[in-house]
Amino acid sequence: MTRIDWRLEVEKRKDVLLAETQEFLKINSVFDEATITKERPFGNGIDQALSYLLNKAESYDFTVKNLDGYAGKIELGTGEESVGILCHIDVVPAGEGWTSPPFSADIRNGRIYARGAIDNKGPTMAAFFALCLVKELKLPLTKRVQLILGTDEERGWRCVDHYFKHEEMPTVGFAPDADFPIIHAEKGIADVLFEWTVEQGAAAALTLRKFSAGERLNMVPDRAIAELEGERAELDQLERRFRKHLLEQQHNGEAIFTGDEQLTLMYEGVAAHGSTPEAGINAGVELAAFLTPFSFQEQAVSYLRMITALLKNGTRGEALGIAQEDQVSGRLTVNGSLFSWDEKEAGFGLNIRYPVTADGQTCLQRLEQKMSEFGAKMMVKDHMTPSYVDAKHPLVRTLQAVYQRQTGEEPSLLSTGGGTYARTLATGVAFGPLFPGRKDVAHQKDEYIEIEDLLKAAALYAEAIYELAGGQ
């Protein structure tokens, strides 16, 4: 049998791949509560993205299915067993500070810039075109291949919950939503919220009216705001110290008087994925730490001091009493977000990623005990247990062989604190799209995918589909 030059086959289709990837990225597929309907459970934008790809697949003569707007399936082939490729088409909010509009899919310097370019709409198109390539080459398959499209990965994974209530579990599969070569271990993930009722206390020199930071638990907050009131002399002093602090820390921010006795502080951090909080600068934590020494009302001071004590000096959970690690997946990480304070209630949330050998329930029990010292009411919003596939499994070995053949590089096995749809499979791993040495820009402003990497990923996915689905 003639060996297929997968990269050459992808290159032949480069123009179409780029054009349709741009079209797909131009769709604003952020969750939109204002436009939710029964048929559009996550809003108009996500529904538009799902419809776009299902209609595209139908035009290419694939078998397609829309599962009530929660998910989609694009299927090729026949057979008792199946190979699943699990992608997601929803994206996190764009945020501010982009060089070009976040849904313009602008091409410059060999990259496509857009929210979702690397996480996960660009890789979704690479996987879709890989499936198209296998179909166009009329390669023999003994298993069905199912490209599964999720729509709620960045929030609550309601899409895959709905999908697997109505559809079969693929025999094996992969998610193109992490790093190459292969991630065979994913940490457990817990989203936890804490709440307090704020009681009126004695008057202080300064009053904290509002404090807020963060949009999602799985994002490092890149912007925090504090609204303050007090005598002008006190606010003038605080403003001067704030500007000096920004210069010393080489951070950005603003101090704006909105009235003679009203001052708003805005602190700019650096966004990062919740699985790698050490890669960002948490604006909420930084602003809380700055404000801690000042004389606010008693409960406001307690709130600010608590955030600073628990989160300022590390992202490993030491101060929370939950730090741990293992050889397979490394250290536990903690990201603080959804900070909120007003004169009636206060709260914040934690996104915790714990090692694959750790007991998640024990971790949460320790956390609840620790936070009870601060009078916090704890609620577990979501908890996903770890995922692990043995290095000797045929799925892992097949993907290793494909990666080594196409790249000539060592197909080492990795672990991640990220959560991909691979963990929803009985046997699943993450396979790309981020190549070794590339910067991870998921969830950041000016998110992009290298065009070269998009093409390389499509070629890898095409061969992986062929090998896993039984082509010999």
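**Aromatic pairs and their surroundings**

Tutor: In this predicted model, a search of the whole structure finds 26 aromatic pairs. One of them joins Phe-339 and Phe-348, whose ring centres lie 5.8 Å apart, with 15 degrees between the planes, and this pair is stacked. Both Phe-339 and Phe-348 are buried.

Helix 8 spans residues 298-311 and has 14 residues. From its first C-alpha to its last, helix 8 reaches 20 Å, close to the 20 Å expected at 1.5 Å a residue. Which residues of helix 8 are buried? They are Ala-300, Val-301, Tyr-303, Leu-304, Met-306, Ile-307, Thr-308, Leu-310 and Leu-311. The elements that cover these buried residues include strand 10, strand 11, strand 17 and strand 18, together with helix 7 (283-291) and helix 9 (360-372).

The largest pocket has a volume of about 940 Å³. It is lined by 49 residues, and the closest to its centre are His-273, Ser-275, Arg-353, Gly-418 and Gly-419. Among the elements that give two or more residues to this lining are strand 10 (188-197), strand 17 (333-341) and strand 18 (345-354). Strand 8 (178-179), strand 19 (377-384), strand 21 (413-416) and strand 23 (433-434) are also included. By class, the lining of the largest pocket divides into 15 nonpolar, 16 polar and 18 charged residues.

The second largest pocket has a volume of about 680 Å³. Of the 29 residues that line it, Glu-96, Asp-222, Arg-223, Gly-269 and Ala-271 are the closest to its centre. Strand 11 (206-213), already mentioned as part of the cover of helix 8, supplies at least two residues of this lining, as does strand 12 (223-230). The largest share, 3 residues, comes from strand 12. The lining of the second largest pocket holds 11 nonpolar, 10 polar and 8 charged residues.

How many cavities of 30 Å³ or more does a search of the whole structure find? The search finds 1, and the largest cavity has a volume of about 40 Å³. Its lining consists of Val-10, Arg-13, Leu-17, Phe-129, Ala-130, Leu-133 and Ala-458. Helix 4 (residues 121-136) gives the most to this lining, with 3 residues. In terms of class, 6 of the lining residues are nonpolar, none is polar and 1 is charged.

Ser-51 is found in helix 3 (residues 44-59). Why does Ser-51 count as partly exposed? Its relative accessibility is 23%, and Ser-51 is therefore placed in the partly exposed class, since buried means under 20% and exposed means over 50%. Ser-51 also illustrates separation along the chain and in space: Ser-51 and Asp-453 are 402 residues apart in sequence and 26 Å apart in space, C-alpha to C-alpha.

Methods:
Residues numbered from 1 in each chain as written. Predicted model: local features only at pLDDT ≥ 70, side-chain atom pairs only at ≥ 80, totals over all residues. Heavy atoms only, no water. 1 Å grid on protein atoms, 1.4 Å probe; cavity = no way out; pocket = protein on both sides within 12 Å on 5 of 7 lines; lining within 4 Å. Points joined across faces, edges and corners; volume = space filled by probe spheres on them. Helix = DSSP H or I, 4+ residues; strand = E, 2+ residues; numbered from the N terminus. Nonpolar A, V, L, I, M, F, W, Y, C, P; charged D, E, K, R; others polar. Expected span 1.5 Å × (residues − 1). Buried < 20%, exposed > 50% of the residue type's maximum accessible area, 1.4 Å probe, protein only. Contact = heavy atoms within 4.5 Å. Phe/Tyr/Trp six-rings, centres within 6.5 Å; stacked < 30°, edge-to-face > 60°.
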